[in-house]
Amino acid sequence: MVSRLRVVFLLLVLIPQAVIFQMTKSSPLAADKYLGQIEAVSLAVSLILVLALPGLTIDWLAGKRLTQLREFCSQVRQGNYRQLLSLPNESRDGDGEEELVVLMRDMNWMARQIEVREKDLQKVVNDLSRSRLQIGEQNKHLTAVNAELLATQQQLEQRTAELEEACRNMQVMAMTDPLTSIANRRCFFETMERKFAALMCNCRPISLLILDIDRFKIINDTYGHQAGDKVLLELAAIIQNNTREGDLAARIGGEEYALLLPDTSLQEAKVVAGRIRAVVQDREFVLDESRRAFVTVSIGVCTLAKLICVDRNKLYNYADQALYHSKHNGRNSISVYDPDTHSIGWAESA
Ligand code: GH3
Ligand code: MG
Ligand code: MG
């Protein structure tokens, strides 16, 4: 570039100078003795200009390009990548201006790259914000589902608690006599089976009393069924009052009761039976506000103390046979079945 400019400047300066020299030779000035010196000085000045001007021109052009680059960088900083640098059509290798043009071309390329990357980035940002929205929606949905599940769980827990309560109540009802609220027949036999096995294994005695109201039908027939119920209720209370912890009083039939006395000898069982019989005999049963009645009970007793392998039904059968003995020998009495001799004897009678 510089050499080209030098040639241009050389031609621009030397051609007019040569013409002027030629013209002065044929003019009256040719005789001037200073003409040669003037021409030499003019030539020297022209040469200096030819040498200096191209460099200055290049510097001026470079300054212009740098200003363009600065402005371009400032635009890029502000996010404007679309206004690219305008490049000169010509390019020449190997001089300073060409390097600046290459730099400007690179800068344009970088700006286009930044624009492309920015678009990609914007796309990623858009995708991310869309995903965030979707996640937010799903989160809301999950929170709602979670709340529903919690509510359902609470309902289930409440329902389970109600069912457990109902189940407990049913278990109690299944084991309780509805009229007297003491144990029923089922509870009695289940308990007897359990206690019997445990006591027999440990060679501990177990006693059973079976009680039946004497001529109870007459009470019903005379005073009515409701009055009969009152007697049944009060007798249950009397039997229950004669139990210790671990004993079981049960109503096992219409007017028939059982009292299971675990870990109780025959002597002790006879004492309990005697006490109940006496209390019942002396009790004035309140049927209603104006009417009272007396009843008696017959009791069969059996105690198993050492027969380890005896069937638990035998205990019940023996006590029942003793009761039968009382019934058929005057009632209001206590009979005892002896499992050793298989005989029944009186324990107490009125
Ligand atoms: P025994 O001395 O031989 O035992 O004579 P009993 O009259 O007591 O015996 P029986 O078997 O002839 O009659 C029992 C009566 O008990 C008949 C029945 O109506 C009555 N009974 C059974 N269950 C109930 C009940 O729940 N309530 C009332 N009020 N009476 C009942
Ligand atoms: Mg009876
Ligand atoms: Mg009976």
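A residue is near a molecule if one of its heavy atoms lies within 4 Å of it.

## Basis

This is a predicted model, where local features need pLDDT of at least 70, side-chain atom pairs count only at pLDDT 80 or more, and totals for chains, interfaces and linings use all residues. Residues are numbered from 1 along each chain as its sequence is written, ligands are numbered from 1 in written order, and side-chain values use heavy atoms, without hydrogens or water.

## Shell around ligand 1

Ligand 1 is surrounded by 16 residues. Arg215, Phe216, Asn220, Asp229 and Arg251 are the closest. By class, 9 are charged, 4 polar and 3 nonpolar. Asp, Glu, Lys and Arg count as charged; Ala, Val, Leu, Ile, Met, Phe, Trp, Tyr, Cys and Pro as nonpolar; the others, Gly among them, as polar.

Strand E1 (206-213), helix H5 (216-223) and helix H6 (225-241) each supply at least two shell residues. H6 gives the largest share, 4 residues. Helices (H or I, at least four residues) and strands (E, at least two) are DSSP runs, numbered from the N terminus.

A polar contact is a pair of N or O atoms within 3.5 Å. Oxygen atoms of ligand 1 lie 2.8 Å from a backbone N or O atom of Phe216 and 3.1 Å from one of Ile213. Lys327 brings a side-chain N or O atom to 3.0 Å from a ligand oxygen. The protein covers 66% of the 640 Å² of accessible area (Shrake-Rupley method, 1.4 Å probe) that ligand 1 has on its own.

Technical notes:
Polar contact = N/O pair within 3.5 Å; in protein donor to acceptor, adjacent residues only side chain to side chain.
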